[in-house]
Amino acid sequence: MIRRMFRRCGNAPGALAPEEQAVLGAFRAMLAAVRAPDPWTPGLAQDIAVRVGPFVERAHPRPGDDHGPDVIAVALQHPGGSYALYNDRYRKLGWLHCETDKILGAWKPAYEPLTHAAAGLDLPDDVGMAPANYGVHVEARRSDGTGYTLLRIGPYNQTWLASCDADRLNTELAGKADRD
């Protein structure tokens with residue numbers, strides 16, 4: 001019977017060096033995070049881990065728009081923070097529609113080695129998520145409860161822009177109603 005012993009490369013047999021233990025601990029944490037991710041709970045405004053091709057990226061859900069059962073709006077983030085460079089360029093893609101089946105769970109720092117940034121890569125041009133564009137729709141209502149769209153303004157890729165235009169319309173309509 002042949003018995004094979006597995007040994008570490010590089011150092012003599014024995015206890016692991018502190019540097020080796022740190023690397024091993026980080027690797028084990030990454031494996032544990034992928035095997036048993038923390039569940040993501042809609043509405044808590046916490047960063048989430050989403051799949052982008054073979055990589056895992058950090059994403060921030062849009063406040064108030066993270067309750068959808070199938071699709072939510074997210075903004076991809078660099079694992080080191082919102083305004084960090086990826087590789088050679090800074091890419092802010094804006095809000096994107098993310099299918100909830102691409103969500104692994106709540107973001108953990110252990111996912112960082114699995115990102116494009118850790119591999120020294122830029123985000124791809126096609127991340128597999130469509131832009132989350134929104135618009136302002138002005139509707140007219142009849143007394144029987146039915147309605148129809150009078151005006152559509154947009155598309156907007158950020159809700160605050162749509163909100164500003166909606167507020168302007170509401171202010172103008174409220175002013176006309178006071179004068180009549």
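D165 and R168 sit 3 residues apart in helix α2, which spans residues 159–179, so about one helical turn separates them. I start there because side chains of opposite charge can pair when their charged atoms come close. Here the side chains of D165 and R168 do meet in a salt bridge, at 2.8 Å from N to O. R168 is exposed, with a relative accessible area of 57%. Please keep in mind that this is a predicted model.

The count of salt bridges comes to 3. Another one joins D47 and R58, also listed at 2.8 Å, N to O. D47 lies in the loop between α1 and β1, and R58 in strand β2, residues 55–61, so this pair ties together parts that are 11 residues apart in sequence. D47 counts as buried, at 18% relative accessibility.

Then there is D38 with K108, where the closest N and O atoms are 3.5 Å apart. D38 is in the loop between α1 and β1, while K108 is in the loop between β5 and β6, so the pair ties together parts that are 70 residues apart in sequence. D38 is partly exposed, at a relative accessible area of 37%. K108 is buried, at 19%.

Now the sheet. It is open and has 5 strands, in the order β4-β3-β2-β1-β5, with antiparallel pairing. At the edges are β4, residues 96–99, and β5, residues 103–106, each pairing on one side only. From one strand to the next, the twist averages 50 degrees.

How many bridges join β1 to β5? There are 3, and the two strands run antiparallel. I48, for example, has A106 in β5 as its bridge partner.

Conventions:
Residues are numbered from 1 along each chain as its sequence is written. This is a predicted model: local features need pLDDT of at least 70, side-chain atom pairs count only at pLDDT 80 or more; totals for chains, interfaces and linings use all residues. Side-chain values use heavy atoms; hydrogens and water are left out. Two strands pair if DSSP finds at least two bridges between them. Helices (H or I, at least four residues) and strands (E, at least two) are DSSP runs, numbered from the N terminus. Axes are lines fitted to C-alpha atoms, for helices over the stretch in contact, and angles run from 0 to 180 degrees between N-to-C directions. A salt bridge is a side-chain nitrogen of Lys or Arg within 4 Å of a carboxyl oxygen of Asp or Glu. Buried means under 20% relative accessible area, exposed over 50%, partly exposed in between (1.4 Å probe, protein chains only).
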